[in-house]
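Reader: I've got a structure here and would like to go through a few local details with you. Could you start with whatever term we need first?

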Amino acid sequence: MQTYEQINAGFNRQMLGGQRNRVKFLRRILTRLGNPDQRFKIIHIAGTNGKGSTGTMLEQGLQNAGYQVGYFSSPALVDDREQVKVNDHLISKKDFAITYQKITEHLPADLSPDDITIFEWWTLIMLQYFADQKVDWAVVECGLGGQDDATNIISAPFISVITHIALDHTRILGPTITKIAQAKAGIIKNGTKQVFLAPHQEKDALTIIREKAQQQRVGLTQADAQSIVDGKAILKVNHKIYKVPFNLLGTFQSENLGTIISVFAFLRQQGLVTSWQPLLSTLATVKIAGRMQRIADHPLVILDGAHNPDAAKQLTKTISTFPHNKIIMVLGFLADKNIRQMVKIYQQMADEIIITTPGHPTRALEASALKSALPQAIIADNPQKGLVAAKKIAEPNDLIVVTGSFYMIKDIEANLDEK
């Protein structure tokens, strides 16, 4: 049997996400496996920003309620296996290899493992592994879009969640909010109990989601934002107010909290959770790598995977609330992003900019190509060296922000444990 390392190294790395016929093609494989996705309840999450925070808090909340919970999220920061977890444990290399083997044995005769791309493989392995592990729930984040995303091979999920919709992946999903909302709305399926929509959506996005929910005969709840004051979440729930410590930084977390409260209220109504306690415990302890993550003080160093203009605006809004003298940014982007707009946002905010190339084998934008948009920026060979350069020029009261792509964060995270 092949090892995990051999299998992962041999995957077809083409980007076929968002292609029309892929979901249909993958469904044939899922049917051959006996539809493992139908053996547990699924919360399916699409959206431009906020998927990771929302997914993490829902997954932790369900675990705290005593359930066995699978979680599928991307990109991984340090180890690819972070994408597939059951109750916080990464899929083991052995289980990965066994599950891969099981799927290859069930492939239709006209298909070979090479016909399936890397994200599609991870999706199939995740669904089969969760079924084998007998999870009660799976929280499944879309990789890209919704309608044509590999994760959309699942039957109707128990709940669909759509987080904040904004412009991202425009080359694949389309150039307007309407087109992007249509792609995300593709996860709403007949047979789903309820769809939850994050607060503060653009009018066009709201219209599309409403229409799709009506078409599929699924109830729609649009969440209300919740307040976060001085490191405490102030939750208004059924005319009651709860105050809980909440460590996640970022003004946008008030929207994510709103979505989570709505979902939990529904789970309570369905008798699937018996009290608010599991969620309150989650909020008091939750940490999310690479999202407004503080890794050092004096100077304060924040890592944030803001990878599109909407996330960049949210980041600047949050940063402006921090006490600081100068802001030093370490930036690196993937080439398929709306870089011009993000550069504009960051230029207005940063006193010093260091640019570098994120560690992605095919999609990274070379720092030298970024230099024309940011002529005053200093070039560093890699994100790690970028952070070192930033620390050299920073005073204790300055603020260093590493952002532009999750792959920037990945490079820094990989070296954190070595300190």
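Predicted model: local features only at pLDDT ≥ 70, side-chain atom pairs only at ≥ 80, totals over all residues.

Reader: Then which loop holds Asn87?

Author: Take the strands on either side: β3 covers 84–86 and β4 covers 89–90. Asn87 sits in the loop between β3 and β4.

Reader: And is Asn87 buried, partly exposed or exposed?

Author: Buried means under 20% relative accessible area, and exposed means over 50%. Asn87 comes in at 22% relative accessibility, so Asn87 counts as partly exposed.

Reader: What about phi of Asp88?

Author: Asp88 is found in the loop between β3 and β4 too. Its phi is positive, in a residue other than glycine, and the value is near 75 degrees.

Reader: Moving on to the open sheet, which strands stand at its edges?

Author: Three strands make up this open sheet, in the order β9-β10-β11, with antiparallel pairing. An edge strand has a single partner, so one side is left without a neighbour in the sheet; that goes for β9 (227–229) and β11 (240–245).

Reader: How many bridges join β10 to β11?

Author: β10 spans residues 232–237 and runs antiparallel to β11. Within this pair, Ile234 stands opposite Lys243 in β11. The number of bridges joining β10 to β11 is six.

Reader: Last one: what is omega for the peptide bond from His298 to Pro299?

Author: Pro299 is in the loop between β12 (293–296) and β13 (300–303). The bond from His298 to Pro299 is cis, with omega near -5 degrees.

Technical notes:
Residues numbered from 1 in each chain as written. Heavy atoms only, no water. Pairing = 2+ DSSP bridges. Helix = DSSP H or I, 4+ residues; strand = E, 2+ residues; numbered from the N terminus. Buried < 20%, exposed > 50% of the residue type's maximum accessible area, 1.4 Å probe, protein only.
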